[in-house]
Amino acid sequence: MPSAPRCVALVGPYLSGKTSLLEAMLFASGTTGRHGSVRDGNSVGDHSAEARARQMSTEINVANATFLEDPWTILDCPGNVELLYEAQQAMLVADVVVVVCEPEVERAVTVSALLRFLSRHQIPHMLYINKLDTASARVRDVLAALQAYSDQPLVLRQVPLRNAETIDGYVDLVSERAYHYRPGQASDLIPLPDGFWDREAETRTQLVEKLADFDDALLEQLLEDVQPSKEEIYKHLTKDFQKNLIVPVFLGAATQDHGARRLWKALRHETPGPEVTMARLGIKPEGEPMAQVFKTYHLPHTGKLSLSRVWRGTISEGNVLNGVRVAGVVRLLGAQHEKTTSAKAGEVVGLTRMDEINTGAVLT
Ligand SMILES: Nc1nc2c(ncn2[C@@H]2O[C@H](COP(=O)(O)OP(=O)(O)O)[C@@H](O)[C@H]2O)c(=O)[nH]1
Ligand SMILES: [Mg+2]
């Protein structure tokens, strides 16, 4: 597992629940002690007065988090079309992108441009089907609708468990374990419901068959009726995901914290490190310190803040990059800016008062 800080971008249509998912992820990771809410106006993201008033994200929300001791930056990107460029810049520098989807067949089309962009730029991405607490459509149908817009096969990793009208848990198709959701806490492990595999064996078979399309040895194994071990399946899932051959699909309800931990664990185990992202972008691993500006904020007190990912070496306060002095280095958690003195490869930080530097600049 890479130890360098990794970066995940949350994207998706306006109101699909990206800022709520950010909140759920921060809470699940222990970064925040309570679950903030977009509706109540106390979220880490959408902290600007404009965002709060309009209850929508008007700029990228940045949060640094630690999940099981791994450092991460989460970029919650605005979903509306006018800010598409901003989301694209973030997706390009991210190690992984999570596309937050609505659980509605008719809304699948709203992610088609994003999926095309991710596929064209070979960016590893996952789908998170949100709002399952109020969904009326079946996950199977939503998935089929989404598949029409994806170049890569979508690989469903969880099957929802229904209790009367509501979804109150899931079965993980690889670990074959069943869980019951608990608000604000890790899900409870429960016994598999009676007759589960009678109904869903086919769904698991489909998962393995999709992987076999990319591996002849696995295909042969299946033809000889030999089932791969769980470890082998995870290995294939990770490899194919990192090569952008498949798109894993996870389920949840961000405002209920459902699915946040499962998503974190997948990110932790399957997301490549920044060195892989650098190769994707054609950046050499060796050379002088380098960072890339992917978003510029103009803040009332701070002035210009160049949000940057460090690719090589260490970037420090006082460095002169592209002929401009770095006045300060800050780590971000929503509106909170924590001053620091330097940042190392993989990190996302704000560089202050680089007045002549614009979004897109590669700083050396
Ligand atoms: N019922 C339900 N509502 C949700 C869920 N996730 C988000 N919402 C609501 O959907 C609205 C938009 O959420 P927000 O996170 O701001 O979406 P964003 O525009 O993608 O950032 C808010 O009113 C949320 O409370 C969910 O899982 N279930
Ligand atoms: Mg938002």
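Which residues of helix α4 (residues 112-120) are buried? This note takes up that point first and then turns to the rest of the predicted model.

1. Helix α4. The buried residues of this helix are Ser112, Leu114, Leu115, Phe117, Leu118 and Ser119. Their cover includes the strands β1, β4 (96-101) and β5 (125-129), together with the helices α3 (84-93) and α5. An α-helix has 3.6 residues a turn, so residues three or four places apart point the same way. After α4 comes Gln122, which has a positive phi, near 60 degrees.

2. Domain layout. The domain assignment of the chain gives domain 1 (6-279) and domain 2 (283-363). The centres of domain 1 and domain 2, taken over C-alpha atoms, are separated by 29 Å. Contact between them involves 24 residues of domain 1 and 20 residues of domain 2.

3. Nonpolar cores. The largest nonpolar core has 51 residues, and those touching the most other members are Leu75, Met91, Val97, Val99, Leu127 and Leu146. Helix α5 (residues 139-147) provides the largest share of this core, namely five residues. At least three residues of this core come from each of domain 1 (6-279) and domain 2 (283-363). A second, separate core comprises 45 residues, among them Ile74, Met126, Ile246 and Trp264.

4. Surroundings of Val97. Leaving aside residues up to four places away in sequence, Val97 touches Ala9, Val11, Met91, Leu118, Ile123, Pro124, His125 and Met126.

5. Ser16. This residue is located in the loop between β1 (6-11) and α1 (18-29). Because its relative accessibility is 0%, Ser16 counts as buried. Apart from residues up to four places away in sequence, Ser16 touches Val100, Glu102, Asn130 and Lys131.

6. Helices α6 and α7. The axes of helix α6 (residues 196-212) and helix α7 (residues 216-223) come within 8 Å and cross at roughly 135 degrees. The two helices are therefore oblique to each other. On the α6 side the contact involves Val208, Glu209, Leu211 and Ala212, which meet Leu218, Leu219 and Leu222 of α7. By class, the residues of this contact are six nonpolar, no polar and one charged.

7. Helices α8 and α9. Helix α8 (residues 230-242) packs with α9 at an angle of about 75 degrees, and their axes are 10 Å apart. These helices are therefore roughly perpendicular to each other. Tyr234, Thr238, Phe241 and Gln242 of α8 make the contact with Arg262, His269 and Glu270 of α9. The contact of α8 with α9 contains two nonpolar, three polar and two charged residues.

8. Burial of α9. Is helix α9 (residues 260-270) mostly covered or mostly uncovered? It is mostly covered, with eight of its 11 residues buried. The buried residues are Ala260, Arg262, Leu263, Trp264, Ala266, Leu267, Arg268 and Glu270.

Methods. Residues are numbered from 1 along each chain as its sequence is written. Chains are lettered from A and ligands numbered from 1 in the order in which they are written. This is a predicted model: local features need pLDDT of at least 70, side-chain atom pairs count only at pLDDT 80 or more; totals for chains, interfaces and linings use all residues. Side-chain values use heavy atoms; hydrogens and water are left out. A nonpolar core is a set of buried Ala, Val, Leu, Ile, Met, Phe, Trp, Tyr and Cys residues joined through side-chain atoms within 4.5 Å. Buried means under 20% relative accessible area, exposed over 50%, partly exposed in between (1.4 Å probe, protein chains only). Helices (H or I, at least four residues) and strands (E, at least two) are DSSP runs, numbered from the N terminus. Domain bounds come from an automatic or database domain assignment. Contact means heavy atoms within 4.5 Å. Axes are lines fitted to C-alpha atoms, for helices over the stretch in contact, and angles run from 0 to 180 degrees between N-to-C directions. Angles under 35 degrees count as roughly parallel, over 145 as roughly antiparallel, 65 to 115 as roughly perpendicular and the rest as oblique. Ala, Val, Leu, Ile, Met, Phe, Trp, Tyr, Cys and Pro count as nonpolar, Asp, Glu, Lys and Arg as charged, and the others, Gly among them, as polar.
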